[in-house]
Structure formats: structure tokens, C-alpha cells
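Here are my notes on the model you sent.

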Amino acid sequence: QVQLVESGGGLVPPGGSLRLSCAASGSIFSIDAMDWYRQAPGKQRELVARITSGGSTNYADPVRGRFTISRDNAKNTVYLQMSVLKPEDTAVYYCNARVLTFTKNWGGFWGQGTQVTVSS
């Protein structure tokens, strides 16, 4: 089917930066929107940022101005550049992609998640 693999998480001090990557592979004809979500302990998973196939972007209020989402369509990869990180950004970050497969079926696929911890 389709696999999404995230990378780039880790431990960073407050005010630091990290860049997450998510590469999609498998039975991919095309990809529509690609999203980053996060889930902190004891909280629901929330949408952080979205980028459409045309490059339009949307951000959640808590991260607007600090995070930047981008994508490389040739590599089926989405990125999340995170700057001025705060302890409240600590969470597992997941990517999600809306994919049209070679069998011409649409589906939403998730990565396994990558931990981001912001702490001194």
C-alpha cells in the first residue's frame, strides 16, 4: 500500500529549532494534502499544519509564525521546520497524507510518529 516514515524528532532546549521530514512511498499515483499533527500526553491529536498539492498552507494558531510546512512533490516528502520551540510543543508528531493510489482509490495514511521534546 502506502507507507509514511517520519524522521527528525529529538530533544531540543526552549527557543531551539528542529526540522521534521516525512517521506511517502508505495502505491502512489498522486498526493493531495499533506498534514502534520501532534499529540501530547493526555491530549487529543491536533492538526498543526497543512499543505495542499498546490502549495497553499494553513497553520494552527499556537504555531503560526514559528513553524513552516513545505513539500517536495518529486520526492513525495513533506517537511515541518519548527523554530522558537516551547515546552508546550512537546508531543509525538505525525504526518498524514491523502493519497490516490495506482488502483485509483483515495485513502488517508499515517506515519508512525516522531517524538519532539522541548526541555532544558
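This is a predicted model: local features need pLDDT of at least 70, side-chain atom pairs count only at pLDDT 80 or more; totals for chains, interfaces and linings use all residues.

1. Sheet. An open sheet is built from four strands with antiparallel pairing, and their order is E1-E3-E8-E7. The edge positions belong to E1 and E7; each has a single partner strand, so one side of each lacks a neighbour in the sheet. From one strand to the next, the twist averages 15°.

2. The E7/E8 pair. These two strands run antiparallel and are joined by six bridges. Isoleucine 69 has leucine 80, in E8, as its bridge partner.

3. Core. The largest nonpolar core comprises 31 residues, and Trp36, Leu80, Met82 and Tyr93 have the most contacts inside it. At least two residues of this core come from each of E1 (2-7), E3 (18-26), E4 (30-39), E5 (46-51), E7 (67-72), E8 (77-82), E9 (91-100) and E11 (114-118). E9 gives the largest share, five residues.

4. Tyrosine 93. Leaving aside neighbours within four places in sequence, tyrosine 93 contacts Glu6, Leu20, Trp36, Tyr37, Arg38, Val48, Phe67, Leu80, Met82, Gly113, Thr114 and Val116. Trp36, Leu80 and Met82 are also listed with Tyr93 among the residues with the most contacts inside the core.

5. Glutamine 81. This residue lies in strand E8. Its relative accessible area is 30%, so glutamine 81 counts as partly exposed. Not counting residues up to four places away in sequence, glutamine 81 touches Ser17, Leu18, Arg19, Arg66, Phe67 and Thr68. Leucine 20 is 61 residues away from glutamine 81 along the chain, yet their C-alpha atoms are separated by 6.4 Å.

Notes: Residues are numbered from 1 along each chain as its sequence is written. Side-chain values use heavy atoms; hydrogens and water are left out. A nonpolar core is a set of buried Ala, Val, Leu, Ile, Met, Phe, Trp, Tyr and Cys residues joined through side-chain atoms within 4.5 Å. Buried means under 20% relative accessible area, exposed over 50%, partly exposed in between (1.4 Å probe, protein chains only). Contact means heavy atoms within 4.5 Å. Two strands pair if DSSP finds at least two bridges between them. Axes are lines fitted to C-alpha atoms, for helices over the stretch in contact, and angles run from 0 to 180 degrees between N-to-C directions.
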